[in-house]
Each structure stands twice: as structure tokens, then as C-alpha cells.
Amino acid sequence: MDILITGILLGGTYALIAMGLNLQYGVARIMNLANGEMLVAGAFAAFWTYTAGQVSPILSILFVAPLAFAANWIIYRIILMPLIKRAKNQGQLEVDSILATFGMGFAFVGIMVATFGADYFSYDYLGDGILIIGNTFALSRIVAFAAAVVICGLLYLWLFWSRPGTAVRAVAVNPQAAGLVGINVRRVSALAFALGGSLTAVGGGLISTFLTLDASIGVLFTMKALIIVIMGGVGDVRGVIVAALILGLAETAVATLIDPGLTLAAAYLIFILVLLFRPQGLFGKPTS
Amino acid sequence: MKRRTALKLAAASLVAGSLAIGTAQAGDTVKIGAVAPKTGPLAGGSTVTHWPNIHLWVHEVNARGGLKLKDGRKKIELIEYDDQTNPGVHIKAAQRLATQDKVDFIVAPYGTGFNLASAPIYAKHGYPQIAVSAISDKIPELTKRYPGIFFTLGSTTSFASAVSDILTKMRADGKMGSKIAMVNVADAFGIELAETARPIFKKAGFEIVYDKSYPLGTQDLSPIMKGAKASKPDAFVAWSYPPDTFGLTKQAITQNLDVKAFYTAVATCFPAYGKVFGKSIEGNLGAGGVDPTTPAMKAYRKAHMEVTGKPADGWASANTYVSLQVLEQAIEGVGSVDRKAVTQYIKDNTFKTIMGDIDFVDQVSHRFWTVGQWQGGEFYGVASKGMPNAKPVILKKGWK
């Protein structure tokens, strides 16, 4: 029971980390390797508001989300648009975007180090234990999980029940066909990229309540997000949620029942198995 | 078109800026190089412990007018490079300092692995290497192979033995049992320490009831803390790195781990650790320690805060500054930048530093703090090799 709850809480954390990259890669077709740095930037903002302004990091979401949206929109328009315009096919765009965002990641780390310093930053917010069915869990993780549920729920509703959301899904499925039915693919992609970046920054703010981060730690999160996005099937929100939950449960089970040292091995093993038997991911469409 | 040129200019200036941050001063100077992480996994630690002390030392020496040599006073020209916590980049930067920038001396690197990796370069060009953050059991062979390397923080065995000794003392005083829960980060540092500590703990009569490792960067340490708690230990020892030091402490608070001794390794001595946790970490043990009551340490910590804007940490900050004091006094003692003479001077003499008199026996200094404890909001040294005024160790009494 303890494993179940802990695993689900961890799955919620992972979903927060991966949801943004899913939108950026699945819809805008940008393999954003600087995703982790956006996460850390959001975490910095939350840290700032809490330590300097004594404002709850949850409230920092109110200004981090639009700021991150705007910043990612600008990045898409200025740095990534030229790549998209000159890419002759999706494969070339992926390679170009990997290289570009890889370099972008280093630039971000440098800017963050110059602005905030390279120190670790951590704070204690809602760190008390909450007793649920005889086991103790950190309140901050529960709050982050609740926020993840709300965010993923809202995103799901928007994607499946609203017109712009359906347009986003259409572009994810087939950009050429979407263009043919009158969807402004460029605009939708920019929207998805910016929204993805905004989600990532918000996720960073939430996880900073219980993790210790520094300017250089982004790459670890990019790697985790990548596994989850590919495992869940690129472009599908449900896939990310399911994959995140599976990963969270598996890692917790392995850490509790077998050995905490094998959590990474277990995660990558699941990843390999999914790719072997279902290369398009759990919810992805088989490549024709 | 304009956008692209603007981008290119910005990119070029970023690249140029990141390569070398050194102030070029005209005239006679003593060139000193430093390569250490400013980005990458070890950047958090080096930003607290390593870089501020280099800047503080250069600032103070230059404020005095520079190093006093036979042919007059010469200011220090510091050349810094970021090694990105990447040994390959570090080696290249060290080579560049030696062959292109032609520095007179290089400040020893941050991190055991980096000290070991760059030792051949220092040896080849005759630079004395006063290593601080280098803890290894290979010290006897290293000092034989590299006549210019000096060690100041002891070996892996003395590091682990110190923890065992403190726990043995707490047990002998009748206040603690014999069960230890031990965890380690699955990185060279943690693995070596765990392997070294196991036989030492056993020999001291302790029973290791929980013995697990976890990958670097684990996002959820609660299964480990819950498993450790279930084994009903009397003491908890973690050979941990900064992110997990913070994470394990947070978990211990959440789970209300009831132990009489709680030890986390790296970063327990950081001022940030004390700031984040406040009173909950009263009685927490960690690597290092200082005696903050001596006038020399008080003055040093005040200067550190004023010049660098951040507080010194409770362990290797002082040692780093001491290593630079040794270098400074050796250069002034010889009166020139003759590396061979300076290296010999370091071997032959005793130095007056903020940690007292330091000298090297077979290139090893035997005066350093090993274990520290948070008492009353300050991280005091409770165990050492050769340092006076260790504070008596107290028991951990809950997390409130």
C-alpha cells in the first residue's frame, strides 16, 4: 500500500517533468534538449519568491506560467523558426532541433550561473509528514501531485474538448494533413511549444518544494522526461501520464522490495522492453 | 537577415566570454591559474568552497600590494577556467594554463578525481599541487610518484574511521546502541567510502542493519528512508553528495527518524544546510568541522563574507584558504617564482595559517577536522586529526 501511494506520488512528479516536453516534441516536433534548464529556471523563480518574498511557491506559478510562455514563444520564433523553414523533412528538423536546443541548454546554464550563482538551492516548504493509512508522506509531494492532477486534467480537457486543443492534436497526428484542413500549423506549433515550456517551468516550481537543485542539474531531468515521452508515445497526453505512473510505481517497488541501487536499471529496462515490443510507445501510432 | 547577425554576435560574445575570465594587467605580475567547476554536477560544491576562497585570497594579497619577491612587490594576475566538471575539459584547460598562458603557479583542482587526473600535468611542468578536496587511500603511492603533490584532508580510511570513532565514543558513553543503517550514493566517492567503512564498523563492534546504495540524482529517497527506519537503527550514516544530503535530511524530518546519531557526508557543513533546516538539524553530524572561536577564524570568516558576499562553509573553505596561504608564504619565503624552490620550501617549512601551524610530513599535512556537528546553529568540529578544541559531541534528540 505504501509502495502504491509513494509510487503514484512519484509518478505525478514525473508527469510534471515530462508533460512540457511531450507538447514540444509531439506537436511542435522540436526535440527540446534544453527542457531541463527551463525546469530549473521555473524552480529558481519559485525559490526566489519563497526566500525573498516569503510568498508561497505555489503562487509563483501565477507569474512564472505567463513569463515562461512568452519566453518560449520568443525562443520558438527567433531561434527555431529558421530551422523549421529550411527543414526539408521531419528527420532533418529533428536533427537540427537537437543540435540547436543542445547548445541552447549550455547557454541557459551559463546565464543562470551568471545570474543566480552555481550554488545549490533548497528550501523547506510543507515538509511535514502526513499520515495516510498508517504511512507518512511529505505534504509537499502530495500538493505537487494534486497540482499535477489538476494541470494534466485541464490539459486533457482542453486538448479533447476545445477547438484549439483539437487543432493541436491534429498537428501532432499529421502536420501536412492539418495544414490541408485549414489549420495554421506554424501558429499551432508555436502555441504548443510555448505552452510546453510554460508547463515545464510550472513543474519546476512545484518540484523545487521537495528537491535540491542547482543551475547544472537540468540535464538529469531532460533525460527522465525523454524516457517518459518516448515510452508513452510521442504527442499523446494520456501516454505521458500512464508512462509516468508506470515508471514511478516501478522505481518505488524496486527501491523498496529489491534494492534502491537498481532504480535506474529498472527504469531503463522497462524503457527497453517497451521499445522492443511497442516501438511507437504505449499510446503512439504505429509508423507505417 | 538582421536577426541572424544579431544572433551570431550574441553567440560569439557568449563563447568568447566563457573561455577566459581574467583581468589582464600591464606590468609585472605573478600569474596564477585556476581550473575548477563553474557548471556541471560539482559546480554547486565548488561555488561554495573553492572559488570564493581563491577570489578572497587574491583580493587580500593584491590589497596588500602583491606578493613580496626579491625584486619588488608583484600583484597576482588570476586566470580562471571553467572545467564544466568534465575531466577532459579540465586537462585541456590545465595544459593551456601551463603551455599557452604560461602561469607561474596553478591552484590545485576541486575534487579528488580532478586532482588525480591533473597530477601528471602539474608534475611535468613542476607546479606544486597543494590539494585540498582530494581524499584517497592511494596517498603513499601518489606522493612517491609526484614529488610536487601535497595532501591536506587525509585519506579515505581516516575519513571513515573518524565517523566510526565518534559513534564508538557515543556508544561507550552509554548513550547509544550498536545498530547502524548505512547508505551511500552510487558514485566513486560514496562507493569507496561504503566499502572502506564496512570492515571498520564491523571491527568496532557495530552491526550494519541496513546497507543500500542509490543512484546519483534519485528523485525520491523515501523508500530508502522508510527501509532504514524499518531496520530500527541507533545511528544513520549516509556517504552522500549535496542533493541527497539535503534530500535524506528532508526525508528524515518527514519520517521522523528516531536515531541518536545522524550523519550525512558532503554539504552538511554548507551554510545553506543550516539555513534551510534551522533547528531541526540540531545534533546532525557531517564531514568536516571548524573551530569558529579562534580570532584567526573569526577574522577569516568576516573577510570571506565581506569580500565574496557569501559565508564560508564549515569544512574545506578554511582548508582551501590555508593551502593558498601556504603557497603565498612559500613564494615570499623563496623570494621568486622558481617552482622547484617553492616546492622544496613547502616540504621544509612550517606555515602560520588561520588553522594554526601547518607543516607537511612526506607531503601530507596531519592537521584537519574530520567530523563536525550542528550545535546551536553553528557547525563545530567534534573530531579531528591534530586540531585542538574539539567540541564534545551531543546526541540527536528528534527533529523538531
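1. Let me start with the meeting of the two chains, keeping in mind that this is a predicted model. On one side 37 residues of chain B take part, and they are in contact with 36 residues of chain A. Several elements of chain B each supply at least two residues of the side that touches chain A: α1 (2-19), α2 (43-49), β9 (207-214), α9 (222-230), α10 (242-255) and α11 (271-277). Which of them gives the largest share of that side? It is α10(B), with 8 residues. By residue class, the side of chain B that touches chain A holds 16 nonpolar, 15 polar and 6 charged residues.

2. Next, chain A as a whole. You will find 11 helices and 2 strands in chain A, and their order along the sequence is α-α-α-α-β-β-α-α-α-α-α-α-α. Its radius of gyration is 19 Å, close to the 19 Å that the globule rule gives for 288 residues, so chain A is as compact as a globular protein of that length. The C-alpha trace of chain A spans about 55 × 45 × 35 Å along its principal axes.

3. Two further figures describe the inside of chain A. Of its 288 residues, 53% count as buried. If you take the contacts in chain A between residues at least 6 apart in sequence, 76% of them join residues at least 24 apart.

4. Helix α2 (residues 35-53) and helix α9 (residues 218-232) of chain A have axes that come within 7 Å and cross at roughly 120 degrees. Angles of 65 to 115 degrees would count as roughly perpendicular and those over 145 as roughly antiparallel, and α2(A) and α9(A) are therefore oblique to each other. Their crossing is right-handed. From α2(A) the contact draws on A:Asn35, A:Gly36, A:Glu37, A:Leu39 and A:Val40, while α9(A) brings A:Gly218, A:Val219, A:Leu220, A:Phe221, A:Thr222 and A:Ala225. Sorted by class, the residues of this contact are 6 nonpolar, 4 polar and 1 charged.

5. The residues in contact are B:Asn53, B:Ile54, B:Leu56, B:Trp57 and B:Val61 on α3(B), with B:Ser317, B:Thr320, B:Tyr321, B:Leu324 and B:Glu328 on α13(B). That contact divides into 6 nonpolar, 3 polar and 1 charged.

6. Finally, please have a look at B:Gly289, in the loop between β12 (285-287) and α12 (295-308) of chain B. Is this glycine, B:Gly289, buried or exposed? B:Gly289 counts as buried, because it has 28 C-beta neighbours inside 10 Å, where 20 or more are enough. Leaving aside residues up to four places away in sequence, B:Gly289 touches B:Gly314, B:Trp315, B:Trp369, B:Val371, B:Gly372, B:Phe379, B:Tyr380, B:Gly381, B:Val382 and B:Ser384. As for B:Tyr263, 26 residues apart from B:Gly289 along the chain, the C-alpha atoms of the two are separated by 13 Å.

Note on methods:
Residues numbered from 1 in each chain as written. Chains lettered and ligands numbered in written order. Predicted model: local features only at pLDDT ≥ 70, side-chain atom pairs only at ≥ 80, totals over all residues. Contact = placed C-beta atoms within 7 Å. Helix = DSSP H or I, 4+ residues; strand = E, 2+ residues; numbered from the N terminus. Nonpolar A, V, L, I, M, F, W, Y, C, P; charged D, E, K, R; others polar. Axes fitted to C-alpha atoms, helices over the stretch in contact; angles between N-to-C directions. Parallel < 35°, antiparallel > 145°, perpendicular 65-115°, else oblique. Left-handed = near helix turned anticlockwise from the far one by under 90°. Buried ≥ 20, exposed ≤ 12 C-beta atoms within 10 Å, placed from the backbone. Rg over C-alpha atoms; globule rule 2.2 N^0.38 Å.
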